[in-house]
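Please look at the sequence and the structure below. The report that follows goes through the sheet, the packed helices and the ligand shell.

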Amino acid sequence: MGHLPEKLRKRLIERKKINALRSLPKGIQGIDFSSNDYLGIAKNRIVFEKAIGILSEKEIVNNGATGSRLLTGNGILFTELENLLRDFHCADSALIFNSGYDANIGLFSSVPQRDDIILYDEFIHASIRDGIKMSNARDYKFKHNDLADLDAHILRVKEKGASNKNREIYIVTESVFSMDGDSPDLKAILDLCRKYKCQLIVDEAHSIGLFGSNGMGRVQELELQEGIFARIITFGKALGCHGAAILGSEDLNKYLINYARSFIYTTGLPAHSLATIMAAYHFMTSPAGLKERDLLHENIAYFNEEKERLGISSFFIPSSSSIHSCIIKGNNEVKDVAQKFIKNSFDIRPILSPTVPKGEERLRFCLHSFNTKEDICFILQQLAHEINKL
Ligand SMILES: Cc1ncc(COP(=O)(O)O)c(C=O)c1O
């Protein structure tokens, strides 16, 4: 077998030196405070059986899609599911991608053109950054959730390109940030977009299933969907399965089918993935799904009350979502604290630099509907004990 080139081996050694060498763990290791399965749908038997039911009712016996959706891979469930997503999320159209990563690189690499500008929140997800890197547009980041900084950036690029009437400005944010768990003031951002005639793109990966009636997401909770150019929704988080969709106008849908390379040059999702997404939506809107969402929000409120009671709130980034990050500076330090949780059979992951900026390393607690109050109380007490020792 060929040897890894020396310069690549050196990069691995550099990672090891800063205690940030990644390796594959064994899945969930203990009581789950780290997965994205916020409502427990990934292991939900009702959803599993409903998906099988959908396949057998339609007599679909397919192990794979057999090709790109533009060739042989566009099975019958795609249209049904895209119509369901379009109606549920009050959009003009929905286009399914194989993952949120694929959706973001497809959208950002194909839509913004050479003369256009992308202004993105500095904490935006890596998949959006990668898509932006593949685009020919100019890009600038604005300070996290900072409207004044965004406003200043828009004014600056408007002034510079005043003569270019064809230029679009895309503003990009997430409705719940994946590493911080906090949210921008979406209404105020949309007002800015309207004022300056910019296009707003919102990644809703971590808000679908949690916010809005039936878990429609933050954008619909705030009734902002009409003004938004594109929403990215993903099915691998609260929906407990896999895949993603871009919600937008019918013209955007047509454009992506023609130009988004991560949509065109890949095999479509298999029918059982689509049936599982359908079953997950069915569950999410059922009384049982509502109960899970209520339990999750009770746990979020309890977590926030307990960290206040224990006097450790100031170590956390304020959040009302499932994601709660406690800043513990240094890769070694945050890894040590995470290790103590793992020894007590709690799966809580350290997020290291360079995934987050140096000095902002953190323990990331993901809360679920199935976590118990006793466990939340225990982990926060243990955390308070560890913080006091730092
Ligand atoms: C904000 C955000 N967008 C997109 C993605 C990618 O989604 P997927 O896991 O479906 O590729 C993630 C996943 O971590 C995410 O957190």
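## Pairing within the sheet

Val172 has Ile201 of S6 as its bridge partner. The model is a predicted one. Strand S5 (residues 169-174) and strand S6 (residues 199-203) run parallel, and five bridges join S5 to S6.

These two strands belong to an open sheet of seven strands with mixed pairing. The strand order is S2-S8-S7-S6-S5-S3-S4. At the edges stand strand S2 (93-97) and strand S4 (138-142). Each has a single partner strand, so one side of each is left without a neighbour in the sheet. From one strand to the next, the twist averages 20°.

## A helix on the sheet

Helix H9 (residues 250-259) packs on the sheet. H9 touches S2, strand S7 (230-234) and strand S8 (244-248). The direction of H9 makes about 25° with that of S2.

## Helices H3 and H11

Two packed helices are described by the angle between their axes and the distance between the axes. For helix H3 (residues 76-88) and helix H11 (residues 271-284), the packing angle is about 30° and the axes are 10 Å apart. That angle makes H3 roughly parallel to H11, because angles under 35 degrees count as roughly parallel. The crossing in which H3 passes H11 is left-handed.

On the H3 side, the contact consists of Leu77, Phe78, Leu81, Leu84 and Phe88. These meet Ala271, Leu274, Ala275, Ile277, Met278 and Tyr281 in H11. By class, the contact of H3 with H11 has eleven nonpolar residues, no polar and no charged.

## Helices H4 and H5

The axes of H4 and helix H5 (residues 126-133) cross at roughly 30° and come within 7 Å. H4 and H5 are therefore roughly parallel to each other. Their crossing is right-handed.

H4 contributes Gly100, Tyr101, Asn104, Ile105, Leu107, Phe108 and Ser109 to the contact, and H5 contributes Ser127, Ile128, Asp130, Gly131 and Ile132. The residues of the contact of H4 with H5 divide into six nonpolar, five polar and one charged.

## Around the ligand

Which residues come nearest to the ligand? Of the 14 residues around the ligand, they are Ser99, Gly100, Tyr101, Ser178 and Ala205. Gly100 and Tyr101 also take part in the contact of H4 with H5.

Helix H4 (residues 100-110) supplies the largest share of the shell, three residues. Sorted by class, the shell has nine polar, three nonpolar and two charged residues.

Note on methods:
Residues are numbered from 1 along each chain as its sequence is written. This is a predicted model: local features need pLDDT of at least 70, side-chain atom pairs count only at pLDDT 80 or more; totals for chains, interfaces and linings use all residues. A residue is near a molecule or strand if its C-beta atom, placed from the backbone, lies within 6 Å of it. Helices (H or I, at least four residues) and strands (E, at least two) are DSSP runs, numbered from the N terminus. Ala, Val, Leu, Ile, Met, Phe, Trp, Tyr, Cys and Pro count as nonpolar, Asp, Glu, Lys and Arg as charged, and the others, Gly among them, as polar. Axes are lines fitted to C-alpha atoms, for helices over the stretch in contact, and angles run from 0 to 180 degrees between N-to-C directions. Angles under 35 degrees count as roughly parallel, over 145 as roughly antiparallel, 65 to 115 as roughly perpendicular and the rest as oblique. A crossing is left-handed if the near helix is turned anticlockwise from the far one by less than a right angle, and right-handed if clockwise. Two residues are in contact if their C-beta atoms, placed from the backbone, lie within 7 Å. Two strands pair if DSSP finds at least two bridges between them.
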